[in-house]
Amino acid sequence: MTHAIGGCPFYDNYYIRAKSTSHMKTTNTPIISTTTPIKDCKLFIFDFDNTLYYGHRFALRLVLANLFHALRCKAERKVRHTLAGQDFTTGEALRQQIALHLAKATNTTPDKAKAWYENRYLPSMTAILSRHYSSRPGAKELLTQLLDSGKTVCVLSDYPNTAERLAAIGITDPRIHTFSAEDMGALKPAPRPFLHLAQTFNASPAETLVIGDRDDTDGAGARAANMNYVIIDKHTPTLPSLL
């Protein structure tokens, strides 16, 4: 059973009225979860993009960094949308599909598309994060609070190089476990990456909480895996305490 925060006894304290800040609109931010109390969860799975940092103009900066391949950047986003939720079993099989779709969309060969994606596109993400972005206010404090209370904390991103990108926004706590859904062969909202993390850290789905900014990926993936979830509006200026 799913509830909005307002009116849910476990979570009334986590209904946030976001304040207007630079590049952030004023918004009421409902946090959504199942009825399992957050304090009873053992495993906390965080999304990365627009959850642990606010990616204002990130897509534009990514295109500018790949200006001579702007069409490939646009095509890559469409390819990921097409492949979202499909399970290809392995990361290599999924990357082959990404390369094939990119090649078809941009009139090049799969090998060239794969080389651009791995050697240019992905590294540019980390460089842009390091140059222009930092963690969302409250993110480090929330992660530290969870870790210090004995919770297991993971960051699950659709894209690879999760640890490097996390460090690029200033989050370097070695107790945080980092994973990529792409490396596992199934982009969100496929449930297997979520279930793999629960199995890895000996937590049941009922003991797992997913925190993200998109209901169609993070929320849908959590629901498919029968996990609790919290959806935070990407414009929320500060991550709340969950305990």
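A residue is called buried when its relative accessible area is under 20%, exposed when that area is over 50%, and partly exposed in between, with a 1.4 Å probe and protein chains only. C73, with a relative accessible area of 4%, is therefore buried, and C154, at 0%, is buried as well. The model is predicted, so that local features need pLDDT of at least 70 and side-chain atom pairs count only at pLDDT 80 or more, while totals for chains, interfaces and linings use all residues. Residues are numbered from 1 along each chain as its sequence is written, and side-chain values use heavy atoms, with hydrogens and water left out.

**View 1. The whole chain and its elements.** The chain holds nine helices and nine strands, which are DSSP runs numbered from the N terminus (helices are H or I with at least four residues, strands are E with at least two). Of the 243 residues in the chain, 49% are buried. A disulfide is a pair of cysteine sulfur atoms within 2.5 Å, and by this rule there are zero disulfides.

**View 2. The largest nonpolar core.** A nonpolar core is a set of buried Ala, Val, Leu, Ile, Met, Phe, Trp, Tyr and Cys residues joined through side-chain atoms within 4.5 Å. The largest such core has 47 residues, and those with the most contacts inside it are F44, F46, L52, Y121 and I169. Helix α4 (residues 110–132) gives the most to this core, namely eight residues. A second, separate core of 17 residues includes C154, F194, A222 and A225. In soluble globular proteins, nonpolar side chains tend to be buried together.

View 3. The C-alpha atoms of Y133 and H56, which are 77 residues apart along the chain, are separated by 9.0 Å. I169, leaving aside its neighbours within four places in sequence, is in contact with F48, L52, Y53, L129, Y133, S134 and S135.

Conventions. Contact means heavy atoms within 4.5 Å.
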